[in-house]
Structures are given as structure tokens and as C-alpha cells.
Number of protein chains: 2
Amino acid sequence: MEVRKRKPRADALRNRERLVETAKDVLGKGGPDASLEAVARQAGVGIGTLYRHFPTREALFHAVFSRDLERLVETAEGLKGSNDPLEALRDWLHANVALVETKRGMLGALSIVMTEESKEAYSAQSERILAALNGLLKQAADAGQIREDVTAEDLLQTMYALCYSREPGPDWRARVLRLLDIFIDGLKR
Amino acid sequence: MEVRKRKPRADALRNRERLVETAKDVLGKGGPDASLEAVARQAGVGIGTLYRHFPTREALFHAVFSRDLERLVETAEGLKGSNDPLEALRDWLHANVALVETKRGMLGALSIVMTEESKEAYSAQSERILAALNGLLKQAADAGQIREDVTAEDLLQTMYALCYSREPGPDWRARVLRLLDIFIDGLKR
DNA sequence: TTGAAAACGGAGGGCCCCTCCGTATATGCT
DNA sequence: AGCATATACGGAGGGGCCCTCCGTTTTCAA
């Protein structure tokens, strides 16, 4: 309570900043399996420094993409009460795929949302996303629009899987969206 | 044409055999990213020997799982003319998932079928699978059972993606099958 | 100014990929 | 049986990446 801590060191702040900035670039292109040593190198910082600031891969992804994630969260929450909840879900998922196309690293951030272990650590946004989507699902289910046994996790896992299962290419987005749409159609009753 | 080659050396045959046998084990459990050095080690053979016999990861996967793949091919071909082609497809896909649950390495073999580059190298079985599935799809489409713009690749990619997107766990199979079924429902018109 | 807290950075142990080449050996032909 | 040589073996070695640990440097604050 009363522990007066020193002011955070300037170099630490600077490095942290550089790392996030560089990671945005490297992870953005490289996706969830990109090399962290490459990030450190390109940031002109020792690998130890990277790991001190971001003890886990997830931590880094979260630092880099939480802004984008937050936007997704807000969009999802804004959809509540939509009068065509299923279409709203579809739009949201499409936006998500588009985002992944640009920032491949989002897959890393999304996997955080999906993984049981890390979900705990970054629960705030995970919970909100899941809650918002589940809300829409319930709405759609109550309206008799879709089956009742589908969860937000199902949706996210499927989208994630489809995005991840193929390297980006010319028709990447079209393919993923098409398959995703088929899945969404499958939700209808 | 007339080059009489020497008989293949006995030790070569032996090692090849050991490798495939060991790989069946290691890759079976480890999935498509398993360590090849581990295979060589466990087979009591130099890593160089492994790479000489199987120049690429795909080659090894193919050697190990082509029998299983062949069975899938034959099953698929046996489905031709089924009077409920969509259900036939579903069954086939389910069997596929079940196989992957047991032999995680099958994912490696399946990715061969899916990848443009390696498809060429192992085209025989790829072609047959795709042909058989496309046959069923056409049948189902002609019967007005499903939409017409779906290809065998779509089916395989989706199944592969769903299988790959999560580590095995207690409810792995159930989840994958459920999502797969939703997708299949989405094919209906 | 100066001492200690805070941060840095990279060496090092582990594991893996794949290639290359000196060494060993099974074959086939005298 | 003996020998030459085509074949095969194996592992060192160059590259990478992951992550930890700790001696050195820098910053803050008294």
C-alpha cells in the first residue's frame, strides 16, 4: 500500500516502446510463429531485454495487438440488440478475417483468446468478446434463427482454424470467407 | 531402359524399414511437426541416413501413412453411387477425424494431399481422393441436396483445419466432429 | 556525487533443420 | 576367396530459435 516505488527508468520505457513497435512489424507479417529473436534484433535490443519485458510470447502478442483486439471487442459489444443477430455475427467474423489478412499476428492474439491457459491471464478482453458473441448467439437462437447448442468459442475456434490452416496467397481471403460462410449457414436451423 | 542396376543393399533396406517403423510411432504421437532427429535417434540410425531415404518431411509422412491414406482412398471410392451421398461424405469425414485422433501424424499426410506443391509429387492418391469426393459432391448437388459451389478441397481443408487447430484433449474428437457437422449442414441448400 | 536498485545484453545449454563428405561395407565380378 | 567400387552410413557442422542466468552498465534519488 505505502511502498513508494521509484519512477520507472527511462531506458526501460524506451526499449519497451521500441520492442512493441518492431513487434508490430515483425509479428504483423510473420504470424504467430514469428521469431522473437528477430524482433529483438530488429529492435536493436538484447534478447534478454525482450524476455524481461514480455516473459511469454503471449504477453508480447497481447501488448502489440490489444488495441486491435479492443476494437473488435467494442464492435462486438456494439452489435448487441441488432435486429439481425446472425448477420451481425457474420459481419463481425468477416471483419476479423480481414484484420488477420493484414496483420497476420492477430492470429497470435486470437489464439490467446482461445486458449484455456492464457485466457485467464488476459481474461478481460476474452470475457467481453465471448460474452458479446454469446449474447448475439442467444438472441439469434431465441429468435429461432439458429440452433441452440453453439457457443462463441465454437465460432472463434472455427474462424481461427480456417485462417490458420493455409498460408496467405492471392485468393486466401476469398477462400476463408467462403468456408466461413458455409459454416455460418450451418448454424441456421 | 537397359541399365541393370545392382540389387539394393541389405543394410539400406533394413534401415529404411526401421525408420518407417519408428516414424510410425514418433510421428503417430507427435503430429506433423514432430522431430525427425528424434525419429533417427530412436531408430538407432544416423540423421544423414534418414534424410537420404526420405529427402523431405513429406516423403517420410507419405511412406508411413500411405497405407492409411490408401484405405481412405478406397473407402471414398467405394462410396460412389451411394444413395445418400451427403451422409456418405459425412461418414467418410468422421472416419478421417477418428483416424487423426489415433494417428496424429495423419495430419502430416493429409497436408500433403492439400498442398499444391506436394500434391504433384504424390498425386496418385490425392487425385483419387479428390476425384471420389468430387464425385459424391456432384451427385449430392445434382440431387439438389447441397449447394453446387463446393469442392473436395473445401471439405478437406476445413476438416484439416478443425483437426489441427487444437491440441488433443479429452473432448477433442467431440468438438471437432460437432464443428464439422455444422459445416456439413451448411452445405445443404 | 555516489551507492544501490533496475535494466541491459549476450553467452550458453537445449533442441532442431538439413547438407556434406570422409569412412565403412555389401555386391558382383574375377 | 579376393578385390574393386558402387552404395550406404553417420555425424560433424553451419544456421536458427527458445529461454535463462548473471556479470556489467545505467539511471534514479538521497
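Buried residues make up 48% of the 189 residues in chain A, where buried means under 20% relative accessible area, with a 1.4 Å probe and protein chains only. Please keep in mind that this is a predicted model, in which local features need pLDDT of at least 70, side-chain atom pairs count only at pLDDT 80 or more, and totals for chains, interfaces and linings use all residues. Residues are numbered from 1 along each chain as its sequence is written, chains are lettered from A and ligands numbered from 1 in the order in which they are written, and side-chain values use heavy atoms, leaving out hydrogens and water.

So what is chain A built from? It has 10 helices and 0 strands; both are DSSP runs numbered from the N terminus, helices being H or I with at least four residues and strands E with at least two. The C-alpha atoms fill a box of roughly 55 × 50 × 25 Å along the principal axes.

Let's look at one helix pair. Helix α5 of chain A, residues 85–102, packs against helix α8 of chain A, residues 123–142, at an angle of about 145°, with axes 8 Å apart. Those axes are lines fitted to C-alpha atoms over the stretch in contact, and angles run from 0 to 180 degrees between N-to-C directions.

Which residues of α5(A) meet α8(A)? They are P85(A), L86(A), L89(A) and W92(A), and their partners in α8(A) include I129(A), L133(A) and Q139(A). Contact here means heavy atoms within 4.5 Å.

Finally, among contacts in chain A between residues at least 6 apart in sequence, 70% join residues at least 24 apart.

Methods:
Buried < 20%, exposed > 50% of the residue type's maximum accessible area, 1.4 Å probe, protein only.
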